[in-house]
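I opened this notebook to record what I looked up in the structure. The entries follow the order in which I consulted it.

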Amino acid sequence: MTSSSRAFLKFFNPKISPKRISHIGHSNLIHLTPKKRPTSRKCGIAQDLSLLSSSSTPIELISYETKHTKTMDDIFVQHSQKLELFRHVLRNVADLEALEGLNMIDAAQRLGIDYHFQQEIDEILHKQMNSIYVHGDLHEVALRFRLLRQQGYFVPDDVFNNFKESNGMFKKALGEDIKGLMSLYEASHLGTEGEDTLVEAGKYSAHLLKTSLPHLDHHQAKIVGNTLGNPHHKSLASFMARNFFVTSQGTNTWSNLLKEVAKTDLSMVQSLYHNEIVQISKWWKELGLAKELKFARDQPLKWYIWSMACQADPKLSEERVELTKPISFIYLIDDIFDVYGTLHELILFTEAVNRWDIAAIDHLPDYMKICFKALYDMTNEISCKVYKKHGWNPLQSLKKTWASLCNAFLVEAKWFASGQLPKSEEYLKNGIVSSGVNVVLVHIFFLLGQNITKQSVELLNDTPTIISSTAAILRLWDDLGSAKDENQDGKDGSYVRCYLEEHQGCSIDEAREKTVNMISDEWKKLNRELLSPNPFPATFTSASLNLARMVPLMYSYDGNQCLPSLKEYMKSMLYETVSM
């Protein structure tokens, strides 16, 4: 067996069947630091269960028998051959027919396998920058615009001027071009602040697409509806890939080849996820906090989902496992502040985290001692791993982000204990920190270990816009859901509630509209950061973007306070197979 084949076998482990992890509960995922918790937990594919409930059997990795090795060797060879074949076709087609090359890149990205062809995509799109003003139909211009912006090229929005009337409005004749309108709508989500053309493009294309739905056949209507509900730039490719299998009807050879590659790839990644869940379950059981902190949530699978979404590249397996650990502590500490600790105890705990001295915690209650020691040990262990692997000790940055999180939690605890709501702007400024996003992205940056310099670390420690915008998107989405939840006890507050208190006479619909517009503005700020030079690696900016993409899945509550979209995502990523 070749060394590359051995690497593949390590990556693809069919011994861990979805049935072997079917005991793991995966109902509602709440966000990193949930401001409001559903009062009902009845919904879900299964009840909220720990990865390691007392009734569950540990999953053991079983060594491969000779026949399995032979089968895996064959699969690896075939998969590698198909990858190389598509790579060759992509290069040739893009040279001969630019639009078809763009369509191929778009398909690879929608199937979540573009990481295999990143060099080819970079080269093709770099050449495409010379063609941004070349005349083409709406689909071609809009697709080129979106793909280039996604790649970090700042293409001006005046490329759409050819599709406008003399009065500056988009041409009415575009209403007959459904494919072009879908591409225009997709492109509009890459807008930044002040780009009115893209705002108008989004509104215009959305209106025409919605009015077209009754006149389309079932298949076309499904594609249009999916585009309106899940624009590519704001959706997780891993979640939407299976839908793309169903809705795309490629009649060319490359389309079928790409689907075959994607099907094998998705199965490989699914098996990799199963392996990672085994590692996390082992860590969580050995940590023992589920027994010691019985008031806190015991949901390691839920915490892992965040890692899985943020760091989608299969090569980042170790990073996903390590990231799940600090995410679990965000949840645990949030439970201490939200449901268990007294205000006096919370002040003591926050002071301890700020001091970061394991020898000075004797005055803490026992449950806080246990939590702090586990946090202290976990942070030191991650710092050691980062230093050994990447040559930089991140301990000071990690300590700072944990202290900032607890400080923000304490501010909220004091607000709500006093019964006085802050101004909406003050609430959001603190809520950006208490969202937990900064903790997650700081850990991601150091775990990735790329471009770690004094400049990048200093910028990271100051919470740059690429972090704060993602955090604001999360916080505002959460509060938007909280505002219409009539079953909450009202102790936690929300941006909508603070805004209503501050603006007497404003209706809840007006406050919600304000919040929706603010989310849109934060996306524009995030888009600007993705297009602007910065010292952060592409893997880090991608993680920030994926975290923002994950947010709608967390807050699309139905009438039963359940998250059907999120449940579907977990099923598709961990359990279901793909059919051609």
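**Entry 1: The nonpolar cores**

I began with W402, which touches P326, F329, I330, I333, V353, W356, L375, M378, T379, V439 and H443, leaving out residues up to four places away in sequence. I note here that the model is a predicted one. I then looked up the core to which W402 belongs: the largest nonpolar core has 111 residues, and W402, F540, M550 and Y569 touch the most other members. I also found a second, separate core of 53 residues, which includes I105, I121, F163 and L257.

**Entry 2: E322**

I next turned to E322, which lies in helix α13, residues 317–340. Is E322 buried or exposed? I recorded a relative accessibility of 8% for E322, so this residue counts as buried, the limit for buried being under 20%. I looked for a polar partner and found that the side chain of E322 makes a polar contact with the side chain of K325, at 3.1 Å. Apart from neighbours within four places in sequence, E322 is in contact with I382, K385 and L447.

**Entry 3: Salt bridges**

How many salt bridges does the structure hold? I recorded 25, and I examined several of them in turn.

I looked up R87 and E120, which form a salt bridge whose closest N and O atoms are 3.5 Å apart. R87 lies in helix α2 (residues 66–96) and E120 in helix α4 (residues 118–128), so this pair ties together parts that are 33 residues apart in sequence. R87 is buried at a relative accessible area of 15%, and E120 also counts as buried, at 4% relative accessibility.

I then examined R297 and D335, whose side chains meet in a salt bridge at 2.7 Å, N to O. R297 is in the loop between α11 (289–292) and α12 (300–310), while D335 is in helix α13, so the pair ties together parts 38 residues apart in sequence. I noted that both R297 and D335 are buried.

My last pair was E522 and K525, whose side chains meet in a salt bridge at 3.4 Å, N to O. Because E522 and K525 are 3 residues apart in helix α22 (residues 508–531), about one helical turn separates them. E522 counts as buried at 10% relative accessibility, whereas K525 is partly exposed, with a relative accessible area of 32%.

Finally, I looked for salt bridges that share partners, and found that they join E84, R87, R91 and E120 into one network.

Technical notes: Residues are numbered from 1 along each chain as its sequence is written. This is a predicted model: local features need pLDDT of at least 70, side-chain atom pairs count only at pLDDT 80 or more; totals for chains, interfaces and linings use all residues. Side-chain values use heavy atoms; hydrogens and water are left out. A nonpolar core is a set of buried Ala, Val, Leu, Ile, Met, Phe, Trp, Tyr and Cys residues joined through side-chain atoms within 4.5 Å. Buried means under 20% relative accessible area, exposed over 50%, partly exposed in between (1.4 Å probe, protein chains only). Contact means heavy atoms within 4.5 Å. Helices (H or I, at least four residues) and strands (E, at least two) are DSSP runs, numbered from the N terminus. A polar contact is a pair of N or O atoms within 3.5 Å; within protein, one must be able to donate a hydrogen and the other to accept it, and residues adjacent in sequence count only if both atoms are side-chain atoms. A salt bridge is a side-chain nitrogen of Lys or Arg within 4 Å of a carboxyl oxygen of Asp or Glu.
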